[in-house]
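Dear colleague,

I am handing over the structure below, with its sequence, and after it you will find an account of what was found. Please read the account with the structure open beside you.

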Amino acid sequence: MDHIQVNIDHLESFVSKDEVYAFSDEIKAHFKSLTDKTGKGNDFLGWVDLPAQPDEALLSSIQEIAYRLASISKFVIVTGIGGSYLGARAVIDALNHQFVGLLPGDHPLVLYAGQNIGEDYLTELLQLLDHKDYSIVVISKSGTTTEPAIAFRILKNHLEAKYGKSEAVSRIVAITDKEKGALKELAKKEGYTTFIVPDDVGGRYSVFTPVGLLPIAIAGFNINELVRGATDMRSLALSNTDMDANPVMMYAAARNALYRQGKTIEIMVSYLPNLYYLTEWWKQLFGESEGKENKGIFPAGAGFTTDLHSMGQYIQEGLRNIFETVISVENTKHSLLIPQDEMNADKLNYLAGRNIDQVNKMAELGTLIAHVDGGVPNIRITVSEVNEYYLGQLIYFFEMSCAVSGYILDVNPFDQPGVEAYKKNMFALLGKPGFEEETAAIKKRINNE
């Protein structure tokens with residue numbers, strides 16, 4: 001299989017193929033808006049063409065810095081939040097050994113900070129770093145986003161105390177704005193190695209910029225193959241107008257046809273635990289892109305078969321406003337057979353000699369049939385295997401599908417105005433200068449309540 005496949009055979013009792021295919025002309029028009037950069041949010045469409053002509057010099061520079069950090073570090077702390085870390089983590093976790101860190105490795109272990117404000121988390125991270133060689137990749141366009149800014153301030157102080165200011169400079173890489181912002185100014189002043197977050201690429205679409213590529217390269221994975229996968233998916237999506245042969249068109253059309261039938265929650269499902277953070281990245285991508293103007297499909301996630309023992313009951317018999325999208329992986333990396341057991345106390349000898357993955361595949365098929373019979377439509381995305389090439393395809397596939405879906409909903413898929421609401425309240429409660437009116441209003445509201 002050269003590219004990922006989208007199967008909608010299990011939608012027919014919920015939406016007709018005619019309802020899905022009715023989106024074809026509209027999606028073609030949205031593709032044109034994206035490539036011509038004439039649609040909503042057109043100042044943030046740089047991601048569309050990123051894989052079209054890979055910047056070989058940039059890829060080489062990223063790889064060079066990754067090698068340098070690897071030569072001096074057992075750990076590299078990626079400091080960022082949202083799109084500044086989720087894309088990289090999705091790829092790294094998908095490709096890593098499942099028990100990385102517990103086994104000897106040739107590459108630094110990538111850890112994360114700034115994705116929360118957990119005091120215990122940061123304290124215990126520092127306790128670990130007291131005894132380990134490490135470096136920092138700090139990712140922020142502004143340098144003032146609260147969570148990563150706090151984490152970087154603490155980590156920077158720790159790094160300078162551990163190694164001295166001069167060596168600390170060689171252990172910090174900043175990925176930030178080209179010209180402005182607090183982190184850019186600090187990087188210039190201190191002399192940090194710096195990569196650019198392109199002005200026209202938002203965080204959740206930034207996997208194929210240094211934001212995603214540098215951490216992935218540090219972890220020891222092939223960023224050229226990742227970009228090649230994205231390049232091939234871009235070519236397929238934008239050159240093929242046949243919906244049956246174009247997975248982006250099929251997925252965007254199917255999920256919107258279901259949405260118009262009242263299916264307002266999409267559960268992204270995988271049967272491999274290493275794809276957990278791919279689902280987390282997908283949730284941000286679609287949640288921030290579509291959830292506006294009281295519109296949008298709510299993105300949820302589940303890891304089967306684990307979550308069948310917790311959420312399976314609701315999915316099977318709960319409120320019928322949900323549909324599932326299943327990422328089905330054809331080939332696993334390993335082969336492990338179930339052994340014969342003389343006592344057969346667990347009654348599993350009927351499985352003896354079979355691969356674990358064969359059992360997993362039958363669980364996947366059995367669940368699909370049960371959920372469809374229970375009133376849950378199912379979209380199936382098939383991937384040949386989990387490697388850099390197919391992950392590159394999958395990430396670009398989701399990015400393009402999300403942009404098209406946003407345009408179908410008639411929202412701007414590239415901004416996130418609602419994210420600012422909690423920040424204003426948090427700043428007011430913390431007494432940040434410039435938020436005096438908001439502080440007074442919140443205090444009055446609290447007193448009234």
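**The mixed sheet and its helices**

Helix α12 (residues 247-259) lies across β1, β7, β9 and β10 (378-385), and its direction is at about 35 degrees to that of β1. Please keep in mind, here and in what follows, that this is a predicted model. Helix α16 (residues 388-408) likewise lies across β1, β7, β9 and β10, running at about 150 degrees to β10.

The sheet to which these strands belong is an open one of five strands, in the order β1-β10-β9-β7-β8, and its pairing is mixed. Its edge strands are β1 (5-10) and β8, each of which pairs on one side only. On average, and with direction ignored, neighbouring strands of this sheet are turned by 25 degrees against each other.

Between β7 and β8 the chain can be followed through helix α13 (residues 276-290), for β7, α13 and β8 make a right-handed β-α-β unit.

**The parallel sheet**

A further open sheet of five strands has the order β3-β2-β4-β5-β6, and its pairing is parallel. Strands β3 (109-113) and β6 (193-196) stand at its edges, and because each has a single partner strand, one side of each is left without a neighbour in the sheet. Neighbouring strands of this sheet are turned by 20 degrees against each other on average, again with direction ignored.

The partner of β6 is strand β5 (residues 172-176), which pairs with β6 in the parallel sense over four bridges, and V173 stands opposite T193 in β6. Helix α7 lies across β2 (75-79), β3, β4 (134-139) and β5, and runs at about 155 degrees to β4.

**The largest pocket**

Which residues lie nearest the centre of the largest pocket? They are I81, T145, E288, Q416 and K423, out of the 39 residues that line this pocket. The elements that give two or more residues to the lining are α7 (146-163), α13 and α17 (420-430), and the largest share, six residues, comes from α13.

**The cavities**

Over the whole structure, a search finds four cavities of 30 Å³ or more. The largest cavity holds about 50 Å³ of space, and the residues that line it are Y271, L272, I327, S328, V329, D357, N360, K361 and E364. Strand β9 and helix α15 (356-373) each supply at least two residues of this lining, while the largest share, four residues, comes from α15. By class, the lining of the largest cavity has four nonpolar, two polar and three charged residues.

With best wishes

Conventions:
Residues numbered from 1 in each chain as written. Predicted model: local features only at pLDDT ≥ 70, side-chain atom pairs only at ≥ 80, totals over all residues. Heavy atoms only, no water. Right-handed = clockwise from strand over helix to strand, strands pointing away. 1 Å grid on protein atoms, 1.4 Å probe; cavity = no way out; pocket = protein on both sides within 12 Å on 5 of 7 lines; lining within 4 Å. Pairing = 2+ DSSP bridges. Axes fitted to C-alpha atoms, helices over the stretch in contact; angles between N-to-C directions. Contact = heavy atoms within 4.5 Å. Points joined across faces, edges and corners; volume = space filled by probe spheres on them. Nonpolar A, V, L, I, M, F, W, Y, C, P; charged D, E, K, R; others polar.
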